[in-house]
There are 4 protein chains.
Amino acid sequence: MRYSNDAPPVITLTSGPVNAYPEVLQGLGRPVLYDYDPAFQGFYEKVVEKAQKAMRLSNKPVIQQGEPVLGLEAAAASLITREDTVLNLASGVYGKGFGYWAARYSPNILEIEVPYNEAISPEAVAEMLKAHPEITVVSACHHDTPSGTINPIAEIGAVVAAHGGYLIVDAVSSFAGMDVHPEACHADIFVTGPNKCLGGAPGLTLLGVSHRAWEKMKANPAAPRASMLSIVDWENAWSREKPFPFTPSVAEINGLDAALDLYLAEGPEKVWARHGLTARATRAGLRAMGLEIWAVSDEIASPTTTAVKTPAGIDEAVLRQTARERYGVVFSSGRGETSGKLTRIGHMGPTAQPIYAIAALTAYTGAVNALGGKLKAGDGIDAALAVIDAEA
Amino acid sequence: MRYSNDAPPVITLTSGPVNAYPEVLQGLGRPVLYDYDPAFQGFYEKVVEKAQKAMRLSNKPVIQQGEPVLGLEAAAASLITREDTVLNLASGVYGKGFGYWAARYSPNILEIEVPYNEAISPEAVAEMLKAHPEITVVSACHHDTPSGTINPIAEIGAVVAAHGGYLIVDAVSSFAGMDVHPEACHADIFVTGPNKCLGGAPGLTLLGVSHRAWEKMKANPAAPRASMLSIVDWENAWSREKPFPFTPSVAEINGLDAALDLYLAEGPEKVWARHGLTARATRAGLRAMGLEIWAVSDEIASPTTTAVKTPAGIDEAVLRQTARERYGVVFSSGRGETSGKLTRIGHMGPTAQPIYAIAALTAYTGAVNALGGKLKAGDGIDAALAVIDAEA
Amino acid sequence: MRYSNDAPPVITLTSGPVNAYPEVLQGLGRPVLYDYDPAFQGFYEKVVEKAQKAMRLSNKPVIQQGEPVLGLEAAAASLITREDTVLNLASGVYGKGFGYWAARYSPNILEIEVPYNEAISPEAVAEMLKAHPEITVVSACHHDTPSGTINPIAEIGAVVAAHGGYLIVDAVSSFAGMDVHPEACHADIFVTGPNKCLGGAPGLTLLGVSHRAWEKMKANPAAPRASMLSIVDWENAWSREKPFPFTPSVAEINGLDAALDLYLAEGPEKVWARHGLTARATRAGLRAMGLEIWAVSDEIASPTTTAVKTPAGIDEAVLRQTARERYGVVFSSGRGETSGKLTRIGHMGPTAQPIYAIAALTAYTGAVNALGGKLKAGDGIDAALAVIDAEA
Amino acid sequence: MRYSNDAPPVITLTSGPVNAYPEVLQGLGRPVLYDYDPAFQGFYEKVVEKAQKAMRLSNKPVIQQGEPVLGLEAAAASLITREDTVLNLASGVYGKGFGYWAARYSPNILEIEVPYNEAISPEAVAEMLKAHPEITVVSACHHDTPSGTINPIAEIGAVVAAHGGYLIVDAVSSFAGMDVHPEACHADIFVTGPNKCLGGAPGLTLLGVSHRAWEKMKANPAAPRASMLSIVDWENAWSREKPFPFTPSVAEINGLDAALDLYLAEGPEKVWARHGLTARATRAGLRAMGLEIWAVSDEIASPTTTAVKTPAGIDEAVLRQTARERYGVVFSSGRGETSGKLTRIGHMGPTAQPIYAIAALTAYTGAVNALGGKLKAGDGIDAALAVIDAEA
């Protein structure tokens, strides 16, 4: 049998958008209230409080009404001024990309770039800061999703904090899948969203903003105002007493509420644990069949996405299409520079469960073999199962 | 990590209730209309027409407002009179059980019983009918779910039809998962429901009733009327012009509508194909690891449920609990006589997809091994994958 | 503009099925769990506990898997034996109807019948019991919905209790819309369901069963067992440790859970208050226009349904069809003897809100006038509004 | 009884966000697919085609991933250059506001402003264009929601077209509630969204873009690119063959699909008719009680929102809070200059039904009277009913 491209696949194992939890789908379908109704305003405040709790913040986060590219663009536009010198850390396509946004707002951009299967070292950041005391803002992508690699953001954050710089962190695809939080990594603006490890829908950004980042943005006359890109307009929008700058995406807020409830009820540590275990089982399985992980070391391999190198002689796009067609399983491709070189197996939200590592390994291997590979799926499954059972 | 009994499992692979399709869940959540509203009455008629199409009937089926035990009990109560001689065919716990219902309405009950891992042979039925020309009603369970075995119902039906007897068929857990339909198997009452291979919710019965069965029931003064058990009261309830005998389960009708739409849109033959392939892959995988299928032959092994014999020395209940606890995968136990002797892996509705055979084999094997087994899951997966790939 | 019969109406103001609350619709759409999964068994126990709390019972109620006609039929079949003498109280079509069920199980049926716009007096019951000390069972319909009238069930219950009889109460369309509970009215079997004042979906029965009713039913060898009609099989099914006699209607249980949550969270007293106020406003409005309430006195007029006499010269069915066609508002007709003589305006669950009294009065009046009436809707609205404002 | 601010109201009659249709809520809750999955890409293309049909466009509209303030801001940012001279038409707060966005992108802004209860006359536009041949862009708000007034956009559009100018039309709160479409009014950019008369959720913009507007924007080097504000990046995103510039709001797309299906299935002309009739009934009712409509004439009074002048001596905010508290009915306030002077009664989407005019009149009048007014609600209802019945 063959699965048609016209019908949804059986299992989605991508690095986002991921399938939302059933409870989130139900949340999305709750009645749409008038945004100025006091019941909605009170509800919105409670959702922000739940986000604050999940993000372990001492102040209120901002919910922006668009998927996290909005938050990233808005962070650059609001925080960075022509007087700033920005150090952009690029260990992948997304980190590299932020530099382009930064360059719109300041002519002074420095960059540390490493090969896209490696991570930024805190030492390199420290050196750069020492060499360039004029650096005021550092931007980093925690999990560079197109590479499935993690930067040591807590250590980098400590270095930046010691320097006194502002830190912008893209934690879109790592937050809620591992132990990363704005204040713990000294982020001044921490960008994430509901549609990766929280198992929500795409359409919102969650922003953690430090006190001094608020001050800097509000003092920036060029920071967007009366604009979709504005952060500063939303500073007090969390309060039931304050109006919204424009209409929030009511249904998305309803869905986010459900996603946060699930995350807090299951327990963040437990959620991270099943993300991590699923990733470890997947890597063990892939390696047992002789396949290679994109990340240079396990230490920097993401617990929320496993990027596997495409075997020589195989067309990566055809590989994914084969996995979908034969087994109904969908993976993500690389992006930009990593495109064609790797396949990404997502472990996020509802599919961050070890049993899905088995489905992933099977579908991936089956597809490779259909294209001429000679892998033994069973070897992969046995190795993955050993990892899972070791923690049972 | 361990899955808690307090939270839903990750994957449900039971022989029913099965997880409903997302579209069915949405159907269940449609607004509840007043049953006498013309919009609802027109809608109900359309749902019956869809059921008629799915069941390939030349007349309207009956939707009964309770899960299929209602339909089975009602069939016995309505069709069987004290003047009837009933031949009950028992190849499993459910077939055997129908005999007890039959015996409430007639003192004249004959039975063919075979070991619960075998099937009834049409020849045996023919012989019995020849020996007992007084037999007027034959009752058979098509898929005796607690055994995962299928009786050759088309052949049995032909024999009964030649004899002139009335045939009651329990096709609750086979209809929509394989090619079985009321008229093709000469059933006079054909009982099924939305919650097995249709991937709907439990709470309704679908009854195919032949013209002569309608006549016999209506002529039976003891057939339930003004009762939850009544079939005859519902004869014309499908029509938008006629009142309902009592309030139908509006939400269940909404859900059934969605389930029928899905089944007809995907194409019955395609739906059966993925049920069958999933079962074959599962059996191949189990056997490759040295495990035994409960059914004596592949010919009678159900395409909608695989019953696997519990390895010696293992407690079947503990095995299932282990699979749930370690991998979040839920299977069904046996029932009655088969209880403790086998585990049932369901392939019904949304999980009748080959990739779930892989998940099933992994979780089952992992649980056996956790209890002392020495199986190689990889061997099972490779064998299952070979079956799947052979049809790709 | 005219509303089509093929599309749902705008507002449903019937006496059931009523529109379910949005939260209930969402509840109905939750994932369908396997009934034997421990998560479902634990959940079921919690739902029964919520029902117990809502019904203010000291023991666990039974959830039966069919709409309340199942509960009523099952109560008669389980509690009444050929040795019993039953006093049936008939103040309307439903009360009268129960007598027919009772008569199936005992030849000894007595009845008090009053005109269907009146109520049964406790004194009449006391006299009857005195005159017939052999009476063992009394059956009463609390709210005889086709008449929109309420019997004084607490007083009747006290009389029956003093006599030592068993009391069966049909509170299907009154429970959760006013202060009526099993133990407070000395009911031995108290039948209700989610689809009236709880604003749930039709498809379940809630049964309150007294300790001595359990004893009597279990001692009755003719009480249904291994049957859809069984009550006794479900005695312990609430417990997460016990199996279900047959598959419960999982989606309906999910919906009931949501309905009970809403009822308990809003506060029963508040829920009753808005039912009562809506009914009072409706009656005031109808009377202000010179229309007549079916019930002989306000004292016995139901707070959950207002039955209004059809003005002379008007065809009641045409009146309702006109209200639907012109205004998109649906009412209920009478039933049996009251059919054609009255229209029923429901105040149940989500539409038990005073503002809907206004919509009801407008649509009813508009329809009467379209058929030749000369009513002033404005007079009705002013009177209704005065009632509402008096409690603001 | 009093309604709490902590619970949702009974009826929402605002000018947006409005309650979404039940089918839209279900749409929002459909599974979240991966945006690059071919099933999603094909689905997205179909949704765009439905939007094209609803908007009666000859080319594909753009779906932007944010509520219509995004579309308006993006239109200004993309179409208007420093070389343009813009004529902004301001007949209300929203029209006025667009001028501020326009002024960000060009220093050459002219304006026609009229009192906010009047409309722009096409003649005035013609004169201005004649006097200022350098005008290249005209911007107009079709329904200035805070005033409940409609500008004659078809006539204005014809004048602008004759002049050869580009026309930007804000039809956010009129499209789908009356006969207004991009090409019929010569709009080059026509901005609307799902959350007003389509009865969808807020969170998306629908943009109709003329061929020459595409050319102008693509030729504009300052038009946003690689930005949340970009229009040009989305030109081909409708095609299943093309990637999305960033992740679309999958759940919102699902909801929009449902909203468009409803609109097209009911029939646009029928949808407009019920919006218009509800508004006419509301105005008639208000006037019959001596209240004043904000719009200077019926001709320019919106069919989708009725703005009623707040009676002297009454605090408008208290009035709305009273209507909510006493009757559970929510209205919208004015905005900016109209704030405190009028209340807006929305007739949009699911509540654009004449029976809701009755609920609106009752709640509004009751609130006025609670604050010292002496209105007779009945007079209003009778007048409204007469309007409704005149079209029955």
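Analyst: Of the 392 residues in chain A, 67% are buried, where buried means under 20% relative accessible area, exposed over 50% and partly exposed in between, using a 1.4 Å probe and protein chains only. This is a predicted model, in which local features need pLDDT of at least 70 and side-chain atom pairs count only at pLDDT 80 or more, while totals for chains, interfaces and linings use all residues. Residues are numbered from 1 along each chain as its sequence is written, chains are lettered from A and ligands numbered from 1 in the order in which they are written, and side-chain values use heavy atoms, with hydrogens and water left out.

Chain A has 12 helices and 14 strands, these being DSSP runs numbered from the N terminus (helices are H or I of at least four residues, strands E of at least two). Its radius of gyration is 21 Å, close to the 21 Å from the globule rule for 392 residues, so chain A is as compact as a globular protein of that length; the radius is taken over C-alpha atoms, and the rule is 2.2 Å times the number of residues to the power 0.38. When contacts in chain A between residues at least 6 apart in sequence are considered, 72% join residues at least 24 apart, a contact being heavy atoms within 4.5 Å.

Leu207(A) is buried, its relative accessible area being 0%. Leaving aside residues up to four places away in sequence, its contacts include Pro61(A), Val62(A), Gln64(A) and Gly71(A), as well as Ile189(A), Phe190(A), Val191(A) and Ile231(A). Met55(A) is also touched by Leu207(A), and these two residues are 152 apart in sequence but 9.4 Å apart in space, C-alpha to C-alpha.

For the aromatic side chains, the structure holds 44 aromatic pairs over all chains; rings of Phe, Tyr and Trp (its six-membered ring) pair if their centres lie within 6.5 Å, with planes under 30 degrees apart counted as stacked, over 60 as edge-to-face and the rest as tilted. One of these is the tilted pair of Tyr34(A) and Tyr36(A), with 6.0 Å centre to centre and 45° between the planes. Tyr34(A) is buried at a relative accessible area of 4%, whereas Tyr36(A) is partly exposed at 27%. In chain C, Tyr44(C) and Phe244(C) form an edge-to-face pair, with 4.7 Å between centres and 70° between planes. That pair links distant parts of the chain, 200 residues apart: Tyr44(C) is in helix H2 (residues 38-55), and Phe244(C) is in the loop between helix H7 (211-219) and helix H8 (250-266). Tyr44(C) is buried at 2% relative accessibility, and Phe244(C) is buried at 5%. In chain A, one aromatic cluster is formed by Phe40(A), Phe43(A), Tyr44(A), Trp234(A), Phe244(A) and Phe246(A).

In helix H4 (residues 93-105) of chain C, the buried residues include Phe98(C) and Trp101(C), along with Gly95(C), Lys96(C), Gly99(C) and Ala102(C). Their cover includes helix H3 (68-79) together with strands S3 (85-90), S4 (108-113), S5 (137-141), S6 (143-144) and S8 (166-170) of chain C.
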